[in-house]
Amino acid sequence: MRPADLLIVAAALALEALLLWRLWTPGGSAELAIVQGPQQRLELPLHQDADHAIRGPLGVSRLRIRNGAIAFVDSPCQRKLCIRSGAHARHGATTACVPNRISLHIAGAATEGIDAWHR
Amino acid sequence: MPGTAEAASALRDARLARFAALAAAVHVLEAGLPSPVPGIKPGLANIVTLIVLLRHGWRAAVVVTLLRVVLSGLVLGTLFAPTFWLSLAGGLAAVAALGLGALGRRAGGWLAPGPVGLSVLAACAHIQAQFWLAWSWFIPHPGLLGLLPLLQGAALAAGLLTGLLAARILEAMQRKAAALPAGSPGGILPP
């Protein structure tokens, strides 16, 4: 291989490393957790460890941010599926506490819009 | 003599048509291979593009790429379907990257990439163009971004593989050309 070949392969490896860091590291590209309740909307930065609460029709749901990931830790629903869904850090991850009408979505810059279309 | 020029032009066209047919055949065969993740393919048709670039120049590589995309679209029944546009975008990005590589070869010295560097450059440009077109046009969902590191890694591996294969084939072609009598039709092989 020539020097230019090595340079190109090194640049491709650097791009791969950058993509892994930005897209596969928890909190890498995910900047905000958007928590939507019936009366309130929270936009929570994932890089700050914190505890948050949001009110729904059944009561208060609690969420916890640790190490760039957010999880429901308490909710007044019956089956606790939102808590069992675990922590979410990936860009685009979505979960909800349906009985308490609280949804959680991980978004980054300019990620809103339609999911997909086909024809 | 006009007759000689016409004959040379016809010979060149026929040669490019043969390369395009070969590239399209490889493309179609590869489309039948199972893939663990959509979009991950070895890209063996790029070997043909690379050989055309190194032996007959960048313009010939562009012609072969465009013909390959259209021909394989016709054969696979995907002409003007989303996969056709993805294939076209990838092919155009790859030949644009190969154009940069060809400029580097013209400059010579340490800037001149060999088949492996050119192949990696083309494979990365190909997958990036396809991905961003798919993401912006067909599936604008942030979840798709999670696939990008996988696709880029696969493109790097495929680029290395096809580059090494192209280098071996070019060496064999050079040996064969050297064995031919002087004046036989051959290609340009800068450094």
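**Close-up 1. B:Phe80, B:Phe84 and B:Trp85 form one aromatic cluster in this predicted model.** Rings of Phe, Tyr and Trp (its six-membered ring) pair if their centres lie within 6.5 Å; planes under 30 degrees apart are stacked, over 60 edge-to-face, the rest tilted. By this rule, 6 aromatic pairs are counted over all chains. One of them is edge-to-face: B:Phe80 and B:Phe84, at 5.3 Å centre to centre with 75 degrees between the planes. B:Phe80 and B:Trp85 are tilted, because their planes stand at 35 degrees, with centres 5.9 Å apart.

**Close-up 2. Accessibility of the cluster residues B:Phe80, B:Phe84 and B:Trp85.** Buried means under 20% relative accessible area, exposed over 50%, partly exposed in between (1.4 Å probe, protein chains only). B:Phe84 is buried at 5%. B:Trp85 is partly exposed at 28%. B:Phe80 is exposed at 51%.

**Close-up 3. The charged end of A:Arg22 sits over the ring of A:Trp21.** The distance to the ring centre is 5.9 Å. The criterion is NZ of Lys or CZ of Arg within 6 Å of the ring centre and within 35 degrees of the ring normal.

**Close-up 4. Helix H5 (residues 115-138) of chain B meets helix H6 (residues 148-179) of chain B.** Their axes come within 7 Å and cross at roughly 145 degrees. Contact (heavy atoms within 4.5 Å) involves residues including B:Phe131 and B:Trp132 of H5(B) and B:Gly159 and B:Gly163 of H6(B).

**Conventions.** Residues are numbered from 1 along each chain as its sequence is written, and chains are lettered from A in the order in which they are written. Local features need pLDDT of at least 70, side-chain atom pairs count only at pLDDT 80 or more, and side-chain values use heavy atoms, without hydrogens and water.

Technical notes. Axes fitted to C-alpha atoms, helices over the stretch in contact; angles between N-to-C directions. Helix = DSSP H or I, 4+ residues; strand = E, 2+ residues; numbered from the N terminus.
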